[in-house]
Amino acid sequence: MGGQAKGKKKNKPKRKDKRPNSDAGFVGLSPQERMKVRMHEKAKKKTAEKYSVQQLLEKTEECMDTFDFEMAGLFCQRALDVDSNNLQALDMLGHICSELGDTQKAKEVFLRAVELSPDVGHSKYMYLGQIHTGREAVDYYTRGIQVLLSALDKQAQPTQAQAGAAAPPDENPELPTAKDVCIAYCSIAEIYLADLCMEEGAADKCREFIERALEYHYDNPEALQLMASYLFSTERNQEGREYLLKSVGLWLPAQKQSADSSSAEQEMQNDIPPYESRITTAKLLIESEEYEMAVDVLEGLLEEDDEVVQVWYLSGWVCYLQLEKAKEQQEREGRDVTEEEKEEWKALKEAARSYLTNAKKLYSKLRCDDQPMFEHVEQLLGELGGELEGDEGAPVLDDDYEPCSDEEEDDADVAMEH
């Protein structure tokens, strides 16, 4: 009997182990992939024990301020490993991915932020508007404007407890401003000026949104310039020129004056339109035959970043146009060329060749793909006598410069120690 009893006990089915299976997430993974997952989990745990989310986001912001977006991405991802629903971290990571050109990842991050907080925080909608095109972009910008206006309404009606403590918008960069609304309306207007320009009533909608932008910030250079672009596109050139000169007059003179003062230059940065917008400024000035002002704008762009092919090309193009205009004026007057004019023409010709030579060399260095621009550079150089010989006028580029190369990620923990 004793033996039989033992036999039954032995054959009794085992109770299921209800403890969580730590390897459940490893099904289908190779040994190398399993090791990688375990190391990542270990790193997450170590980060959570060693650094707070706020510390990680502070390091993220420091890296972003120095344009080290790859390292910023590492810190930000560590913060999200600790708190996956942190809205500030999601917003920062989306921005970082946009800067690194990872549009798909940026889109996923911003959509996650929308899911978590659809009615607070307008910046995610602005970024989603930039990522998308056409009608989708308009929808995101419109939603962002709704969030902005709601936030501005709340700022305008503070509670009694907040009234004494709240800082003015100018003193708190985190608070939305009327300028933000203006820029958002400009973004929609640009879409009707480009992507949706063939839609019925696109021109009227474009002007409507520009006018709304100017209602919120009547002397905003970007909004005024956009109105100039709209007017040029509808062949109202004189009116467009007036808006353009008003726009440029709001920032270019002050920028030139601040060139010798680092403190004044720092104060000016918030008032100067973005780099790409100023490239458009130069194009519109050239179209309006405001060549000297275009040269001033282009010189400022080259000082800020001398590795943009289009800026070198436009600089050469405007010098060429100045030369042609001077020759045409002399011919109209029906007189001989003066020695002073000969010197001026020679200087313009050499300047045009120098800029265009730089444009061609940089075009090859950066492996650009704007064939029409390259062909125009070749055409202009042919008319001017070809490229400059030797190193004269060549853009300063490191021999190992790689515009699209990715460095291997450093360990974020090491950087945290510094």
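How many helices and how many strands are there in the chain?

1. **The overall picture.** The chain holds 21 helices and zero strands. Both are DSSP runs numbered from the N terminus, with at least four residues (H or I) for a helix and at least two (E) for a strand. Please keep in mind that this is a predicted model, in which local features need pLDDT of at least 70 and side-chain atom pairs count only at pLDDT 80 or more, while totals for chains, interfaces and linings use all residues. Residues are numbered from 1 along each chain as its sequence is written, and side-chain values use heavy atoms, leaving out hydrogens and water.

2. Of the 418 residues in the chain, 38% are buried. Buried means under 20% relative accessible area, exposed means over 50%, and partly exposed is in between (1.4 Å probe, protein chains only). Among the contacts (heavy atoms within 4.5 Å) with a separation of 6 or more, 61% are between residues 24 or more positions apart.

3. **Helix 13 against helix 16.** Two packed helices are described by the angle between their axes and the distance between the axes. For helix 13 (residues 237-249) and helix 16, the angle is about 135° and the axes are 11 Å apart. The axes are lines fitted to C-alpha atoms, for helices over the stretch in contact, and angles run from 0 to 180 degrees between N-to-C directions. That angle makes helix 13 oblique to helix 16; angles under 35 degrees count as roughly parallel, over 145 as roughly antiparallel, 65 to 115 as roughly perpendicular and the rest as oblique.

4. **Who meets whom there.** Leu244, Leu245 and Val248 in helix 13 meet Thr281, Leu284 and Leu285 in helix 16. The residues of this contact divide into five nonpolar, one polar and no charged. In this sorting, Ala, Val, Leu, Ile, Met, Phe, Trp, Tyr, Cys and Pro count as nonpolar, Asp, Glu, Lys and Arg as charged, and the others, Gly among them, as polar.

5. **A glutamate in a loop.** Look next at glutamate 290, in the loop between helix 16 (275-287) and helix 17 (291-304). Is glutamate 290 buried or exposed? Its relative accessibility is 18%, so glutamate 290 counts as buried. Leaving aside residues up to four places away in sequence, glutamate 290 touches Arg241, Leu245 and Leu285.

6. The whole structure has 16 salt bridges, each a side-chain nitrogen of Lys or Arg within 4 Å of a carboxyl oxygen of Asp or Glu. One of them joins glutamate 115 to arginine 112, with the closest N and O atoms 3.3 Å apart. These two residues are separated by about one helical turn because they sit three residues apart in helix 6 (residues 103-116). Glutamate 115 is exposed at 60%, whereas arginine 112 is partly exposed at 29%. Another pairs arginine 207 with glutamate 211 at 3.0 Å between the closest N and O atoms; both lie in helix 11 (residues 202-216), four residues apart. Here arginine 207 is buried at 18% and glutamate 211 is partly exposed at 36%.

7. **A salt bridge between helices.** Arginine 278 and glutamate 304 meet through their side chains at 2.9 Å, N to O. Arginine 278 lies in helix 16 and glutamate 304 in helix 17, so this pair ties together parts 26 residues apart in sequence. Arginine 278 is buried at 5% relative accessibility, while glutamate 304 is partly exposed at 46%.
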